[in-house]
Amino acid sequence: MLVLSRKAGESVRVGDDVVITILEVRGDMVRVGIDAPRSVSVQRAELIEQLASSNREAASPSASAVASLAEALRKKD
């Protein structure tokens, strides 16, 4: 991991097309601006993790749902 120190108004370039600019530093909060082409997806890491967790949860049936399905299939036979 590359670690840099930047002041408000200073930037970092990532590749040829992405510029990250420090907009404001206030206490323990930093406002960051990201200038990137539309083809580059820029997402907050915690949102990606939350979505992945929600997808895993939705794809895994609950024990009661499995039991209900098993009971329904037994009744069908």
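Reader: What radius of gyration does the protein chain have, beside that of a compact globule of 77 residues?

Author: This is a predicted model, and its C-alpha atoms fill a box of roughly 70 × 30 × 20 Å along the principal axes. A compact globule of 77 residues would have a radius of gyration near 11 Å, whereas the protein chain has 23 Å.

Reader: Which pattern do the helices and strands follow along the sequence?

Author: The protein chain holds two helices and three strands. Read along the sequence, these elements follow the pattern β-β-β-α-α.

Reader: Which strands are the edge strands of the open sheet?

Author: The three strands form an open sheet with antiparallel pairing, in the order E1-E2-E3. An edge strand pairs on one side only, and this description applies to strand E1 (11-14) and strand E3 (29-35). From one strand to the next the twist averages 25 degrees, and the edge strands asked for are E1 and E3.

Reader: Over how many bridges do E2 and E3 pair, and which residue of E3 stands opposite Thr21?

Author: Strand E2, which spans residues 18-26, pairs with E3 in the antiparallel sense, and the pairing runs over seven bridges. The residue in E3 that stands opposite Thr21 is Gly33.

Reader: Which element gives the largest share of the nonpolar patch?

Author: The nonpolar patch on the surface is formed by Val25, Val30, Val32, Ile34, Val40 and Val42, which together have about 460 Å² of accessible area. Its largest share amounts to three residues, and the element that these come from is E3.

Reader: How far apart in space are Ser54 and Lys76, C-alpha to C-alpha?

Author: Ser54 lies in helix H1, which covers residues 45-59, and Ser54 is partly exposed, with a relative accessible area of 41%. Ser54 and Lys76 are 22 residues apart in sequence, and their C-alpha to C-alpha separation in space is 32 Å.

Definitions and conventions: Residues are numbered from 1 along each chain as its sequence is written. This is a predicted model: local features need pLDDT of at least 70, side-chain atom pairs count only at pLDDT 80 or more; totals for chains, interfaces and linings use all residues. Side-chain values use heavy atoms; hydrogens and water are left out. Helices (H or I, at least four residues) and strands (E, at least two) are DSSP runs, numbered from the N terminus. Buried means under 20% relative accessible area, exposed over 50%, partly exposed in between (1.4 Å probe, protein chains only). Two strands pair if DSSP finds at least two bridges between them. Axes are lines fitted to C-alpha atoms, for helices over the stretch in contact, and angles run from 0 to 180 degrees between N-to-C directions. Patches are made of residues with over 30% relative accessible area and no salt bridge: like charges are joined within 9 Å, nonpolar side chains (Val, Leu, Ile, Met, Phe, Trp, Tyr) within 5 Å. Accessible areas come from the Shrake-Rupley method with a 1.4 Å probe; for residues, only the protein chains shown count as cover. A salt bridge is a side-chain nitrogen of Lys or Arg within 4 Å of a carboxyl oxygen of Asp or Glu. The radius of gyration is taken over C-alpha atoms; the globule rule is 2.2 Å times the number of residues to the power 0.38.
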